[in-house]
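Here is a friendly note to read with the model open beside you. Please take the points in order and look up each residue as you go.

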Amino acid sequence: MPQNAQGFSLKVLTINTHKGFAAFNRRFILPELRDAVRATAADIVFLQEVMGTHAVNQLEVENWPDTPHYEFLADTMWNDFAYGRNAVYPEGHHGNAILSRFPIVAFENRDISVEGTEKRGLLHCQVQIPDQAEPLHAICVHLGLRDAHRHAQLNLLCDLVNGLPKGAPVVVAGDFNDWQQKANAILKKGAAMEEVFSGKNGRPARTFPARFPLLRLDRIYVRNAGISHPQTIPLRPWSHLSDHAPLAVEIHL
């Protein structure tokens with residue numbers, strides 16, 4: 001998070017935590033995931049499918065933390081965090097979360113669910129960056145599985161971004177489930193947002209399944225911010241920590 005010739009820079013990371021379990025739910029790996037996330041030294045972390053609480057697992061799963069998963073992952077490294085509860089069921093709930101080294105001065109979880117389908121939300125945080133007049137708007141995304149639903153949800157995301165102050169820096173990251181690769185065009189036309197890997201490689205990064213990534217499901221988009229060093233995180237140790245590969249990039253303000 002140094003100050004440099006390009007202005008203030010910070011590192012962001014996005015990862016679908018798969019509710020703290022390895023692929024196929026064979027093993028609870030949240031403590032290992034915390035170590036791996038800490039090792040990236042990211043300043044702001046976007047989390048999807050993160051558990052708030054689960055009454056059954058808390059009793060039956062060894063090493064299940066006493067705190068919500070996002071708080072356990074934040075530990076002492078990220079002083080601020082916000083959680084947007086999306087899916088609620090008898091045993092508990094899960095959703096999106098953002099961890100930040102910098103103060104989160106405001107947040108809201110905007111419901112973008114399509115009636116009759118799994119609950120989805122946009123977690124929008126305003127993050128106060130040192131020596132910056134405008135807060136950074138960080139939006140964590142986990143979109144639906146059906147094309148028509150994603151299209152509607154992307155339009156709602158455009159509405160949210162376009163409602164922000166015109167010159168404010170914006171970072172949108174998460175699991176877009178966009179295997180048909182339609183989101184780039186919608187977000188560029190609808191909200192002037194650029195996907196960080198597409199600028200370098202012509203298309204988003206492959207992230208799913210993590211052990212042998214084929215589909216380009218996870219994304220980081222920016223507006224009013226520069227980027228450098230977009231990277232998919234090496235498969236080891238990540239390939240057994242989630243079914244999605246994490247993405248990271250340096251943001252310049």
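Which residue stands opposite Ala138 of β8? Keep that question in mind; the second point answers it.

1. **Before you start.** You are looking at a predicted model, where local features need pLDDT of at least 70 and side-chain atom pairs count only at pLDDT 80 or more, while totals for chains, interfaces and linings use all residues. Residues are numbered from 1 along each chain as its sequence is written, and side-chain values use heavy atoms, with hydrogens and water left out.

2. **The answer.** Cys125 is the residue that stands opposite Ala138 in β8. Strand β7 (residues 121-127) pairs with β8 in the antiparallel sense over six bridges. A word on terms: helices (H or I, at least four residues) and strands (E, at least two) are DSSP runs, numbered from the N terminus. Two strands pair if DSSP finds at least two bridges between them.

3. **On to the next strand.** Ala138 also stands opposite Val171 in β9. Here strand β8 (residues 136-142) and β9 run parallel, joined by six bridges. As for cover, six of the six residues of β9 are buried. Buried means under 20% relative accessible area, exposed means over 50%, and partly exposed is in between (1.4 Å probe, protein chains only).

4. **Strand β13 and its partners.** Now find strand β13 (residues 247-252), where five of the six residues are buried. Strand β2 (residues 7-16) runs antiparallel to β13, and six bridges join them. Within this pairing, Leu13 has Ala248 as its bridge partner. Strand β12 (residues 226-232) also pairs with β13 in the antiparallel sense, over five bridges. There, Ser228 stands opposite Glu250.

5. A salt bridge is a side-chain nitrogen of Lys or Arg within 4 Å of a carboxyl oxygen of Asp or Glu. By this rule the count comes to nine. One of them joins Arg38 to Asp75, with the closest N and O atoms 2.8 Å apart. This pair links distant parts of the chain: Arg38 is in helix α1, Asp75 is in the loop between α3 (69-74) and β4 (80-89), and they are 37 residues apart. Helix α1 covers residues 30-39. Why does Arg38 count as partly exposed? Because its relative accessibility is 28%. Asp75 is partly exposed too, with a relative accessible area of 37%. Salt bridges that share partners join Arg34, Arg38 and Asp75 into one network.

6. **Two further salt bridges.** Arg101 forms a salt bridge with Asp43, the closest N and O atoms being 3.0 Å apart. Arg101 lies in the loop between β5 (92-100) and β6, and Asp43 in the loop between α1 and β3 (44-54), so the pair ties together parts that are 58 residues apart in sequence. Is Asp43 buried or exposed? Asp43 counts as buried because its relative accessibility is 3%, whereas Arg101, at 25%, counts as partly exposed. Glu194 and Lys188 also meet in a salt bridge (3.5 Å, N to O), and Glu194 is partly exposed, with a relative accessible area of 38%.

7. **Rings.** The charged end of Arg34 sits over the ring of Phe72, 3.9 Å from its centre. The rule asks for NZ of Lys or CZ of Arg within 6 Å of the ring centre and within 35 degrees of the ring normal. Rings of Phe, Tyr and Trp (its six-membered ring) pair if their centres lie within 6.5 Å; planes under 30 degrees apart count as stacked, over 60 as edge-to-face and the rest as tilted. Ring pairs link Phe21, Phe28 and Trp64 into a cluster.
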